[in-house]
Amino acid sequence: MFKKKRIAILTGGGDCPGINAVIRAVAKKAILEYGAEVVGVEDGYDGLVRNKWRKLEYNDVSGILTQGGTILGTSNAGNPYRYPVKKGNRLEFQDLSRTAIANARSLDVDCLVCIGGDGTMHIASDLFKDGVPVVGIPKTIDNDLRGTDITFGFDSAVYIATEGIDRLHSTAQSHHRVMIIEVMGRNAGWIALHSGVAGGGDIILIPEIPYDAEIIAAKVKERNRRGKRFSIVVVAEGARPKGGDVVVRRIVKESTDPIRLGGVGFVVGAQIEKITGIETRTVVMGHLQRGGSPTPFDRVLATRLGTRAVDLIENGEFGYMVAVKGNALRKVPLQDVAKGPRTVRSNDPLIASARAVGTCFGDQP
Ligand code: F6P
């Protein structure tokens with residue numbers, strides 16, 4: 001008698017549009033094509049350590065394609081290899097990986113599907129080394145995962161940020177102001193670059209190209225001289241001045257990546273106002289970029305990635321993340337993905353295109 005396949009799904013790190021579409025794709029294909037049993041681990045790796053999971057039936061994953069967030073819950077704390085434990089007022093980190101691995105074994109699953117960004121893939125890679133059959137699926141609005149051209153969630157975040165830029169244009173124009181819009185992305189400028197180009201930002205500041213406030217101000221003044229009495233500045237939260245550092249909003253000690261960036265938009269705004277004398281306002285897009293329904297592109301990508309992950313499981317190919325290369329899907333070893341973030345290269349063709357239409361990156365007039 002054949003043993004029925006059993007698959008566990010876990011969503012880790014920050015949520016983003018499209019996670020439910022992936023859960024649906026994995027679970028539906030596993031159930032429909034292989035008659036598999038599917039279980040969902042709740043709240044990411046935290047749920048693996050605490051043994052929190054529930055069975056996912058076909059009806060649980062039906063009707064969730066367009067829903068934002070994750071029906072399983074997520075957490076960016078709970079790394080089993082560095083699990084935060086409160087001792088009075090102190091936070092201690094313990095290696096609870098053996099508990100997590102024992103829980104994974106007790107679920108009796110053929111594979112643990114880990115949907116997440118670099119933190120999630122790093123842990124997935126370690127679990128695989130420790131004998132857990134794992135397949136990864138790349139998720140993050142930041143688009144900063146190695147081994148894949150794109151992650152699902154990115155297109156939705158760019159769409160939301162672009163809509164923000166579009167809406168700022170009219171008010172900037174009416175009041176003859178400089179409007180700054182700060183977008184997410186951690187230490188990568190993908191969201192700022194793509195939404196900035198899509199929204200026609202006059203100045204785009206990304207972490208990979210340190211800025212000079214005088215150059216930004218000169219661009220604003222030059223636009224004014226040409227009769228454009230407003231400017232739109234798109235700033236990545238990880239942008240930094242030449243010779244300076246990022247603006248840290250808070251430290252989340254228990255998180256796998258404790259530094260939360262944010263606030264550089266206000267710093268840049270104050271500098272522009274001081275140098276140019278032009279009234280400036282700053283808007284932070286923040287978590288709006290992570291909420292709501294995924295774009296059609298992300299729904300399609302999520303469905304492709306999720307169903308491909310099931311193929312890997314069926315072939316017994318563990319320790320890989322499904323990834324996008326050009327228009328095709330491929331698999332990349334998790335250990336390669338875990339080597340660090342993928343940032344924007346200074347020779348990215350989109351930067352050249354943006355410069356060609358007069359966009360300033362704060363490094364040259
Ligand atoms: O990685 C996704 C992301 O939204 C980043 O762009 C941002 O820096 C961070 O997560 C915010 O994290 P939190 O939800 O913990 O504030």
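Predicted model: local features only at pLDDT ≥ 70, side-chain atom pairs only at ≥ 80, totals over all residues.
Residues are numbered from 1 along each chain as its sequence is written, and side-chain values use heavy atoms, with hydrogens and water left out. Local features need pLDDT of at least 70 and side-chain atom pairs count only at pLDDT 80 or more, while totals for chains, interfaces and linings use all residues.

**View 1. The whole chain.** The chain has eleven helices and 15 strands; these are DSSP runs, helices being H or I of at least four residues and strands E of at least two. Its C-alpha atoms fill a box of roughly 80 × 45 × 30 Å along the principal axes.

**View 2. The residues around the ligand.** The ligand is surrounded by N76, I141, D142, M184, G185, R186, E237, R249, R260, H287 and R290, where near means a heavy atom within 4 Å. This shell divides into two nonpolar, three polar and six charged residues; Asp, Glu, Lys and Arg count as charged, Ala, Val, Leu, Ile, Met, Phe, Trp, Tyr, Cys and Pro as nonpolar, and the others, Gly among them, as polar.

View 3. A polar contact is a pair of N or O atoms within 3.5 Å. A polar side-chain atom of E237 lies 2.5 Å from an oxygen atom of the ligand. For D142 the corresponding distance to a ligand oxygen is 2.6 Å, and for R260 it is 2.6 Å. The protein covers 82% of the 400 Å² of accessible area (Shrake-Rupley method, 1.4 Å probe) that the ligand has on its own.

Key
Polar contact = N/O pair within 3.5 Å; in protein donor to acceptor, adjacent residues only side chain to side chain.
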